[in-house]
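The paragraphs below are meant to be read with the sequence and the coordinates side by side.

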Amino acid sequence: MSPQTLPMNYKSLLSFGQIVTIIMVSIISFSYFIEAKAQGITIPSNAEINSGIKEALEKATGISAERLGAKDGYLGNLDVKILFPEEAKNIEKTLRSLGLDNMVDQVINSVNRAAEDAALEAKPIFTDAIKQMSIADVKTILLGEDNAATSYFNTTTSPALTEKFSPIFDSSLKKTDATKYWEDVMTSYNKVPFVKKVNTDLTAYVTKKAIDGLFIEIAKEELKIRENISARSSPLLEKVFGFAKQADK
């Protein structure tokens, strides 16, 4: 369901939730910064926090997209490798029992190659989303958990990423013959007597799993920046995340 077709009461609830979040962030941020000031900790300005968080996110998303866009970025990474959909596990099991391992492997290989082919297309999408973040957003991230940026980004950009990625993945699936291999698998499976037919939207499934994989990798990069001084590749990152680390003690 698109935002345009959401019931009015849902829209109102969402707006109210956003207002409450902003108020809570303001209260928490104010208390947090007052405490930091009392401890004599150097506090970065709003502009520095805004630029620092966005720089960190651009770095994390860029590295993640490039890593997953390389050969075996998905296929060779067990954390993000795309396997058969859960509802199609029985298809895989049945076909392998019939000696059709190669057909099944072709599907797995081709969908992961499609994800790798499309991964680099994520960079400009992430960059655009980062530019739209407010100062309240970045303060929430700075003062949040170790994966606060990834969680926020996942929540706020996944629908837009899905919408923009779907045609990209559809093209990549065709390019790597994943669509053909999937159709071959479904045709072979549906010939097996008495099986329950499964209808999986391959593009939707691979798009979701590929985006999930991106966020898994982004979370790793975010944790590095928060925990590892050497990963803070600029004075601004060191100042902003150094402040967060000091104030959190």
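Does phenylalanine 165 count as buried or exposed? In this predicted model, phenylalanine 165 has a relative accessibility of 0% and therefore counts as buried, since the cut-off for that class is under 20% relative accessible area.

The aromatic ring of this residue also has a partner. Phenylalanine 165 and phenylalanine 169 have ring centres 5.4 Å apart and planes at 70°, so the two form an edge-to-face pair, the threshold for that class being over 60 degrees between the planes. Both residues belong to helix H7, and because they are four residues apart there, about one helical turn separates them. Phenylalanine 169, for its part, has a relative accessibility of 1% and so is counted as buried.

The count of aromatic pairs comes to three, and another of them is formed by phenylalanine 126 and phenylalanine 215, whose ring centres lie 6.0 Å apart with planes at 80°, so that this pair, too, is edge-to-face. Here the partners come from distant parts of the chain, 89 residues apart, with phenylalanine 126 in helix H5 (residues 122-131) and phenylalanine 215 in helix H9. Phenylalanine 126 has a relative accessible area of 0% and is therefore buried, while phenylalanine 215, at 3% relative accessibility, likewise counts as buried.

The helices H7 and H9, each of which has already supplied a phenylalanine to the pairs above, can also be considered together. In general, two packed helices are described by the angle between their axes and the distance between the axes. For H7 (residues 148-175) and H9 (residues 202-227), the axes come within 8 Å and cross at roughly 140°, and the two helices are therefore oblique to each other, because angles count as roughly antiparallel only when over 145 degrees. The crossing in which H7 passes H9 is right-handed. Sorted by class, the residues of this contact are 15 nonpolar, eight polar and three charged.

Methods
Residues numbered from 1 in each chain as written. Predicted model: local features only at pLDDT ≥ 70, side-chain atom pairs only at ≥ 80, totals over all residues. Heavy atoms only, no water. Axes fitted to C-alpha atoms, helices over the stretch in contact; angles between N-to-C directions. Parallel < 35°, antiparallel > 145°, perpendicular 65-115°, else oblique. Left-handed = near helix turned anticlockwise from the far one by under 90°. Nonpolar A, V, L, I, M, F, W, Y, C, P; charged D, E, K, R; others polar. Phe/Tyr/Trp six-rings, centres within 6.5 Å; stacked < 30°, edge-to-face > 60°. Buried < 20%, exposed > 50% of the residue type's maximum accessible area, 1.4 Å probe, protein only.
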